[in-house]
Amino acid sequence: MMAELAVIVVVLSAAASVILTGLAAAWAEKHIGSAAIGAMTEKEELFSKGLVLTVIPETIVIFGLTVSLVLLFVVLPQLL
């Protein structure tokens, strides 16, 4: 019974890590992207900086995916 509960917790944690980091990245990109567009309308030289700043939140999703893969392929087989 405890092993089944542990498997369920690991699978739900893997799903939550991807979902929550995706939502966090979307929220961050919304605010950073609108600020970057506003800055680029005033100064076109800020395009490259705005582009880099809008890409940075995507790394959050990569971290969440990495945590999810570790949970599913490293932690979960140890429980089974």
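Is Ile60 buried, partly exposed or exposed? I looked this up before anything else. Ile60 is partly exposed, at a relative accessible area of 31%. The model is a predicted one, and I kept that in mind throughout.

**Entry 1: Ile60 and its distance to Leu23**

I placed Ile60 in helix H3. I then took a C-alpha distance from Ile60 to Leu23 and got 9.8 Å. Along the chain, these two residues are 37 apart.

**Entry 2: Ser17**

I went to helix H1 next, which covers residues 2–42 and holds Ser17. Is Ser17 buried or exposed? I found a relative accessible area of 13%. The cut-off for buried is under 20%, so Ser17 counts as buried.

What does the side chain of Ser17 reach? I traced it to the backbone oxygen of Gly64, at 3.3 Å. I also listed the contacts of Ser17, leaving out residues up to four places away in sequence. Gly64, Val67 and Ser68 came up.

**Entry 3: Ser68**

I followed that list to Ser68, which sits in helix H3. Its relative accessibility is 7%, so I noted Ser68 as buried. I checked its contacts too, again setting aside neighbours within four places in sequence. Ser68 touches Ala14, Ser17 and Val18. The pair Ser17 and Ser68 therefore turns up from both sides, and I logged each of the two residues as buried.

**Entry 4: the largest nonpolar core**

Which residues make up the largest nonpolar core? I count five in all: Val7, Val10, Ala14, Leu71 and Leu76. Two elements each give two or more residues to this core, H1 and helix H3 (58–79). H1 supplies the largest share, three residues. In soluble globular proteins, nonpolar side chains tend to be buried together.

Beyond its neighbours within four places in sequence, Val7 contacts Leu76, Leu79 and Leu80. Leu76 is itself a member of the core.

**Entry 5: a nonpolar patch on the surface**

I turned to the surface. Which residues form a nonpolar patch there? I wrote down Val18, Leu65, Leu69, Val70, Phe73 and Val74. Together they have about 520 Å² of accessible area. H3 gives the largest share of this patch, five residues.

I checked one member by itself. Leu65 lies in helix H3. Its relative accessible area is 45%, so Leu65 is partly exposed. Val18, another member of the patch, was already in my notes as a contact of Ser68.

Ile37 is in H1. Is Ile37 buried or exposed? At 51% relative accessible area, Ile37 is exposed; the cut-off is over 50%.

With 62% relative accessibility, Thr41 counts as exposed. How far apart in space are Thr41 and Ala25, C-alpha to C-alpha? I got 24 Å, for a separation of 16 residues in sequence.

I ended by going over the accessibility values. Ser17 and Ser68 are buried. Ile60 and Leu65 are partly exposed. Ile37 and Thr41 are exposed.

Definitions and conventions: Residues are numbered from 1 along each chain as its sequence is written. This is a predicted model: local features need pLDDT of at least 70, side-chain atom pairs count only at pLDDT 80 or more; totals for chains, interfaces and linings use all residues. Side-chain values use heavy atoms; hydrogens and water are left out. Helices (H or I, at least four residues) and strands (E, at least two) are DSSP runs, numbered from the N terminus. Buried means under 20% relative accessible area, exposed over 50%, partly exposed in between (1.4 Å probe, protein chains only). A polar contact is a pair of N or O atoms within 3.5 Å; within protein, one must be able to donate a hydrogen and the other to accept it, and residues adjacent in sequence count only if both atoms are side-chain atoms. Contact means heavy atoms within 4.5 Å. A nonpolar core is a set of buried Ala, Val, Leu, Ile, Met, Phe, Trp, Tyr and Cys residues joined through side-chain atoms within 4.5 Å. Patches are made of residues with over 30% relative accessible area and no salt bridge: like charges are joined within 9 Å, nonpolar side chains (Val, Leu, Ile, Met, Phe, Trp, Tyr) within 5 Å. Accessible areas come from the Shrake-Rupley method with a 1.4 Å probe; for residues, only the protein chains shown count as cover. A salt bridge is a side-chain nitrogen of Lys or Arg within 4 Å of a carboxyl oxygen of Asp or Glu.
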